[in-house]
Amino acid sequence: MTSEATPDDAGQSEFDNLDCSAVIADVWLMLDDECDDASRRRLQKHIDECGSCFAAYGIEEKVKSLISRKCGGDQAPSGLRERLSIEIRRTVLIRQAESD
């Protein structure tokens, strides 16, 4: 009797076995509290078990802390924020149009 993996099982094990480049790419999402709890747990599990990712996470955490201390009260000018917002919306619309 063979056990076939369901699509959910395949996706789960694929995510559980994250490679280091995927974890490092998502470290800032964790640091900025921009990922859901399940993603945070999986990323944290990998970081706890992988020495090189743990070291990279520590470096990124220190960089974020330094930036926060040095630039914590600074805000981008409203014109810049508005231009960035427009550009982000434009990019999203272009990508949506391209995928349709």
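View 1. Glutamate 87 and arginine 90 both lie in helix H5, three residues apart, or about one turn of the helix. The two residues form a salt bridge, with their closest N and O atoms 2.6 Å apart. Here a salt bridge means a side-chain nitrogen of Lys or Arg within 4 Å of a carboxyl oxygen of Asp or Glu. Glutamate 87 is partly exposed because its relative accessibility is 36%. Arginine 90 is also partly exposed, at 43%. The cut-offs are under 20% relative accessible area for buried, over 50% for exposed, and partly exposed in between (1.4 Å probe, protein chains only). This is a predicted model: local features need pLDDT of at least 70, side-chain atom pairs count only at pLDDT 80 or more, and totals for chains, interfaces and linings use all residues. Residues are numbered from 1 along each chain as its sequence is written, and side-chain values use heavy atoms, leaving out hydrogens and water.

**View 2. A nonpolar surface patch.** Leu80, Leu84, Ile88 and Val92 form this patch. Together they have about 340 Å² of accessible area (Shrake-Rupley method, 1.4 Å probe; for residues, only the protein chains shown count as cover). Patch residues have over 30% relative accessible area and no salt bridge; like charges are joined within 9 Å, and nonpolar side chains (Val, Leu, Ile, Met, Phe, Trp, Tyr) within 5 Å. Valine 92 sits in helix H5, residues 78–99. Its relative accessibility is 42%, so valine 92 counts as partly exposed.

View 3. Lysine 64 and aspartate 32 meet through their side chains, at 2.7 Å from N to O. The pair links distant parts of the chain, 32 residues apart. Lysine 64 belongs to helix H4 (residues 51–71), while aspartate 32 lies in the loop between helix H2 (20–31) and helix H3 (37–49). Lysine 64 is partly exposed, with 27% relative accessibility. Aspartate 32 is partly exposed at 31%.

**View 4. The salt bridge of arginine 40 and aspartate 33.** The closest N and O atoms of this pair are 2.7 Å apart. Arginine 40 is partly exposed, with a relative accessible area of 24%. Aspartate 33 counts as exposed because its relative accessibility is 61%. A search of the whole structure finds four salt bridges.

**View 5. The largest nonpolar core.** Eleven residues make up this core: Leu18, Val23, Val27, Met30, Leu31, Cys35, Leu43, Ile47, Cys50, Cys53 and Tyr57. A nonpolar core is a set of buried Ala, Val, Leu, Ile, Met, Phe, Trp, Tyr and Cys residues joined through side-chain atoms within 4.5 Å. H2, H3 and H4 each give two or more residues to the core. H2 supplies the largest share, four residues.

**View 6. Histidine 46 and its contacts.** Histidine 46 is found in helix H3. It is buried because its relative accessible area is 13%. Beyond its neighbours within four places in sequence, histidine 46 contacts Leu18, Asp19, Cys20, Val23 and Cys53. Contact means heavy atoms within 4.5 Å.

**View 7. The whole chain.** The chain has five helices and zero strands. Helices (H or I, at least four residues) and strands (E, at least two) are DSSP runs, numbered from the N terminus. Of its 100 residues, 13% count as buried. The chain exposes about 8,100 Å², with carbon and sulfur atoms supplying 53% of it.
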